[in-house]
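Work through the exercises below with the model open beside you. Try each task before you read its solution.

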Amino acid sequence: MVAKHWYVVHTYSGYENKVKTDLEHRIETFGMQDRIVDIQIPTEEVTEVKEGGKRETKEQKVFPGYVLVRMEMDDNTWTVVRNTPGVTGFVGLDGSKPAPLRRSEYNKMMHKDDASKKGPAPKRVASSFEKGQTIKVVSGPLADFDGTISEVDTEANKVRVMLTIFGRETPVELTLDQIRSID
């Protein structure tokens, strides 16, 4: 029995789900279920802070334009994957010979590195707030103050805002759900 490894397949960006579906059909049609055994699209949960501090969580592709395929690499399996509509090629060292992923690389791409120790992968927060934007503080001790964003830190889910307090510009750090945009 030949070992099965993870390979990275390059696709047209935005066609990852279609490539996965089409490849699953081709695997079944060509009877390759025992040689091409898994297809993954690396995703992560992203929480976006909307107007008024409302949060919306959605899945987002980590590597747009790429799909991971676990398979035995030979001429037949290579042909089935390579000729799937939307696939532009395999990622490899010299472009002609696909290079399998190491287990550690796969785990990192799929957020599985030490998952049992750390718990689930951290959620990322996307924000429509940007530097220079005028905002109103909607909660906390500074509620109803207006200010200008001087820094956005989506990793920490915070912004640094310049507020005028007692006639002086004062930098204040706030969480994204404490502010809303002023139109």
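The exercises cover confidence, strand pairing and aromatic pairs in a predicted model.

**Exercise 1. Find which helix has the lowest mean pLDDT among the elements of the chain, and which has the highest.**

Step 1. Start with the whole chain. Its mean pLDDT is 83. Of its residues, 87% reach 70 or more.

Step 2. Go to the elements. Helix H4 (residues 115–118) has the lowest mean pLDDT, 44. Helix H1 (residues 16–29) has the highest, 96.

Step 3. Look around H4. Over residues 114–119 the pLDDT stays under 50. The model has one contact beyond four places in sequence for this stretch.

**Exercise 2. Trace the strand partners of S9 and state in which sense they pair.**

Step 1. Locate strand S9 at residues 146–153. Strand S8 covers residues 134–137. The two pair in the antiparallel sense, over three bridges.

Step 2. Pick out one position. Asp146 in S9 stands opposite Lys136.

Step 3. Turn to strand S10 (residues 158–165). S9 and S10 run antiparallel and are joined by six bridges. Val152 has Val159 in S10 as its bridge partner.

Step 4. Inspect the link. S9 and S10 form a hairpin, with four residues between them. In the turn, Asn157 has a positive phi of about 65°.

**Exercise 3. Explain why the pair Trp6 and Tyr106 is stacked.**

Step 1. Count the aromatic pairs. The structure holds three.

Step 2. Take the geometry of this one. The ring centres of Trp6 and Tyr106 are 4.4 Å apart, and their planes lie at 10°. Planes under 30 degrees apart count as stacked, so this pair is stacked.

Step 3. Trp6 sits in strand S1 (residues 5–11) and Tyr106 in helix H3 (residues 103–109).

Step 4. Check burial. The cut-off for buried is under 20% relative accessible area. Trp6 has 7% relative accessibility, so it counts as buried. Tyr106 has 4%, so it counts as buried too.

**Exercise 4. Classify the pair Tyr7 and Phe90, then decide whether each residue is buried or exposed.**

Step 1. Read the geometry. The centres are 6.3 Å apart, with 90° between the planes. The pair is edge-to-face.

Step 2. Place the residues. Tyr7 belongs to strand S1 and Phe90 to strand S6 (residues 87–90). The two are 83 residues apart, and their pair links distant parts of the chain.

Step 3. Settle burial. Tyr7 is buried, at a relative accessible area of 5%. Phe90 is buried as well, at 12%.

How values were computed:
Residues numbered from 1 in each chain as written. Predicted model: local features only at pLDDT ≥ 70, side-chain atom pairs only at ≥ 80, totals over all residues. Heavy atoms only, no water. pLDDT = per-residue confidence, 0-100. Contact = heavy atoms within 4.5 Å. Pairing = 2+ DSSP bridges. Phe/Tyr/Trp six-rings, centres within 6.5 Å; stacked < 30°, edge-to-face > 60°. Buried < 20%, exposed > 50% of the residue type's maximum accessible area, 1.4 Å probe, protein only.
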